Amino acid sequence: MWRDLKGRWHENIVDGVEEERASAGILYTYYCPTSAQIELLGDYLEDKRPYDVSAYAALASALSSSRWQVGTVADLGQAGTNFYHTNAWAAIHDVADTWGGELSFEIQVSGTKVTARRVCMAKQVARTTASVSPTPRTS
């Protein structure tokens, strides 16, 4: 657990370590994804079909097999999707793609305990575009 400069809590889990020998000694590289990614990748969804629902309802369906809750969700209209033999991590990203939202994660802490884990979705601000190599100039 750690707190950023804006006071928001984050939770990461060490999921891998690489060891490299160098002249200065042994260098370790740690792979520490967010707890949301690690946990939601392991939360299996058999068959969920949220149709003609809000993004909030679709996120609730996607998170139904996890300990994560739905946080603040923008009003992005009604749409539909399905989650079939997948995990909650893929499902929440499907919701974001289908409703046009951007995901964020909130951790609430009281004392030394995590008291809430929430997935939030705001209206999409940025857009991912295909990477195109620049065309070489000819004189």
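Is aspartate 52 buried or exposed? Aspartate 52 counts as exposed, because its relative accessibility is 58%, where exposed means over 50% relative accessible area, buried under 20% and partly exposed in between, with a 1.4 Å probe and protein chains only. The model shown is predicted, so that local features are taken up at a pLDDT of at least 70 and side-chain atom pairs at pLDDT 80 or more, whereas totals for chains, interfaces and linings use all residues. Residues are numbered from 1 along each chain as its sequence is written, and side-chain values rest on heavy atoms, without hydrogens and water.

**View 1. The whole chain, with three helices and 11 strands.** Helices (H or I, at least four residues) and strands (E, at least two) are DSSP runs numbered from the N terminus, and along the sequence they follow the pattern β-β-β-β-α-β-β-α-β-β-β-α-β-β. Of the 139 residues, 29% count as buried. With contact defined as heavy atoms within 4.5 Å, residues 24 or more positions apart account for 50% of the contacts that have a separation of 6 or more. The accessible surface, computed by the Shrake-Rupley method with a 1.4 Å probe and, for residues, with only the protein chains shown as cover, comes to about 9,500 Å², and 49% of this area belongs to carbon and sulfur atoms.

View 2. Tyrosine 44 is part of strand β5 (residues 44-48) and is partly exposed, its relative accessible area being 45%. The C-alpha atom of tyrosine 44 is separated by 8.5 Å from that of serine 66, which is 22 residues away along the chain.

**View 3. Serine 66 in the loop between α2 and β7 (69-73).** Serine 66 is buried, with a relative accessible area of 17%. The side chain of serine 66 reaches the backbone oxygen of leucine 63 at 2.9 Å and the backbone nitrogen of tryptophan 68 at 3.1 Å. Apart from neighbours within four places in sequence, serine 66 is in contact with Leu40 and Asp43.

**View 4. The buried residues of helix α2 (residues 55-62).** These residues are Ala55, Ala58, Leu59, Ser61 and Ala62. Seen down the axis of α2, they fall within an arc of 160°, so they line one face of the helix; the arc is that of the directions from the helix axis to the C-beta atoms.

**View 5. Salt bridges, of which the structure holds seven.** A salt bridge is a side-chain nitrogen of Lys or Arg within 4 Å of a carboxyl oxygen of Asp or Glu. Side chains of opposite charge can pair when their charged atoms come close. Glutamate 39 forms a salt bridge with arginine 117, with the closest N and O atoms 3.8 Å apart. This pair links distant parts of the chain, since glutamate 39 is in helix α1 (residues 35-41) and arginine 117 in strand β11 (residues 113-123), 78 residues apart. Both glutamate 39 and arginine 117 are buried, and salt bridges that share partners join Glu11, Glu39, Arg67 and Arg117 into one network.

**View 6. Cysteine 32 and cysteine 120.** Cysteine 32 is partly exposed, with a relative accessible area of 34%, while cysteine 120 is buried at 5%. With a disulfide taken as a pair of cysteine sulfur atoms within 2.5 Å, the count of disulfides is zero.

Key:
A polar contact is a pair of N or O atoms within 3.5 Å; within protein, one must be able to donate a hydrogen and the other to accept it, and residues adjacent in sequence count only if both atoms are side-chain atoms.
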